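Colleague: Hi, I'm new to this one. Could you walk me through it?

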Amino acid sequence: MERKSREGDRTVSTFYLQWHITNRCRNSCKHCYIENKEKRGPEPDLITTDRLMKNLQEISNTLGCGLDVSITGGDPFLHPQFWEILKRVRETVDFVAVMGNPEIIKENVITKMVDMGIDRYCLSVDGFPKTHDYIRYNGSFRETIRAIKLLVVSPLQVAVQTTVSSWNINEVADLMDCLYGLKVDRWAFSRYVPKEGEEFDVSAEQYYNL
């Protein structure tokens, strides 16, 4: 898709791609769209990566736009060639984000991403401790806040995403205050998209009011 962003007084077109490179993940979140994380499915190799980067460069040249790529999964760090894929993406595009889990975030991992020129790290917070841990696993909220506190003092931008559902809709406004209080750079929320055959557990009216 194409979107508009502001760069000083100049409007710049940016082609944005969120690239899912693996189903592998050690978490088992209740709202995850990946049903079987053990069934890995096809994963891009370096040949596929090079082909995609070439296609993106052609898009950039044709449209005269910048390139913004977010690497995600599953947990993208569990792809066996994650760092090499990340390196090749960084060499091609203008802005690179990693959308991952908090458990991998240690000072040495942050340093490696900074040295590679990665721009942003994105993770999820879906409520305060009881709610977030119910959706993910016991202790996940504590682990996520630990990771955020390491990230916000690094050169990386820090983004947090919240999936709005009946589990957490009453916490979202206070959660926003909490996250910006931790000095995250950006926070976004989106409505839970149910699996096929399920209905939204948050009505359009509830979401609008939020």
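Colleague: What should I know before we start?

Modeller: This is a predicted model, where local features need pLDDT of at least 70 and side-chain atom pairs count only at pLDDT 80 or more, while totals for chains, interfaces and linings use all residues. Residues are numbered from 1 along each chain as its sequence is written, and side-chain values use heavy atoms, with hydrogens and water left out.

Colleague: And the helix and strand labels?

Modeller: Helices (H or I, at least four residues) and strands (E, at least two) are DSSP runs numbered from the N terminus.

Colleague: OK, at what angle do H1 and H2 pack?

Modeller: Helix H1, residues 46–63, packs against helix H2, residues 82–92, at about 15 degrees, and their axes are 10 Å apart. That makes H1 roughly parallel to H2. Angles under 35 degrees count as roughly parallel, over 145 as roughly antiparallel, 65 to 115 as roughly perpendicular and the rest as oblique. The axes are lines fitted to C-alpha atoms, for helices over the stretch in contact, and angles run from 0 to 180 degrees between N-to-C directions.

Colleague: Which residues of H1 and H2 meet there?

Modeller: From H1 there are Leu46, Thr49, Asp50, Met53 and Gln57, and they meet Glu84, Ile85, Arg88, Val89 and Thr92 in H2. Contact means heavy atoms within 4.5 Å. By class, the H1 contact with H2 has four nonpolar, three polar and three charged residues. Here Ala, Val, Leu, Ile, Met, Phe, Trp, Tyr, Cys and Pro count as nonpolar, Asp, Glu, Lys and Arg as charged, and the others, Gly among them, as polar.

Colleague: And how do H2 and H3 pack?

Modeller: H2 and helix H3, residues 107–116, pack at about 30 degrees, with axes 10 Å apart. That makes H2 roughly parallel to H3. On the H2 side the contact uses Trp83, Leu86, Lys87 and Arg90, and on the H3 side Val109, Lys112, Met113 and Met116. Those residues divide into five nonpolar, no polar and three charged.

Colleague: Let's switch to the core. How many residues has the largest nonpolar one?

Modeller: The largest nonpolar core has 44 residues, and Val89, Met113, Tyr121, Ile148 and Leu179 have the most contacts inside it. Helix H5, residues 140–151, gives the largest share of this core, five residues. A nonpolar core is a set of buried Ala, Val, Leu, Ile, Met, Phe, Trp, Tyr and Cys residues joined through side-chain atoms within 4.5 Å.

Colleague: What is isoleucine 148 in contact with?

Modeller: Leaving aside neighbours within four places in sequence, isoleucine 148 is in contact with Leu123, Val125, Val160, Leu179, Leu182 and Val184.

Colleague: Now some loops. Is serine 165 buried or exposed?

Modeller: Serine 165 counts as buried, at 0% relative accessibility. Buried means under 20% relative accessible area, exposed over 50%, and partly exposed in between (1.4 Å probe, protein chains only). Serine 165 is in the loop between strand E6 (157–164) and helix H6 (172–181). Not counting residues up to four places away in sequence, serine 165 touches Tyr192, Asp201 and Val202.

Colleague: What about lysine 183?

Modeller: Lysine 183 has a positive phi of about 75 degrees, although it is not a glycine. Lysine 183 is in the loop between H6 and strand E7 (186–191), and is exposed at 62% relative accessible area.

Colleague: Where is glycine 74?

Modeller: Glycine 74 is in the loop between strand E3 (66–72) and H2. Glycine 74 is buried, with a relative accessible area of 16%. Leaving out residues up to four places away in sequence, glycine 74 touches His20, Thr22, Asn23, Arg24, Cys25 and Ile34.

Colleague: Last one: which strand holds leucine 17?

Modeller: Leucine 17 lies in strand E2, which covers residues 10–20 and also holds tyrosine 16. Leucine 17 is partly exposed at 22% relative accessible area, whereas tyrosine 16 is buried at 18%. Setting aside neighbours within four places in sequence, leucine 17 is in contact with Leu52, Leu56, Asp68, Val69 and Ser70.
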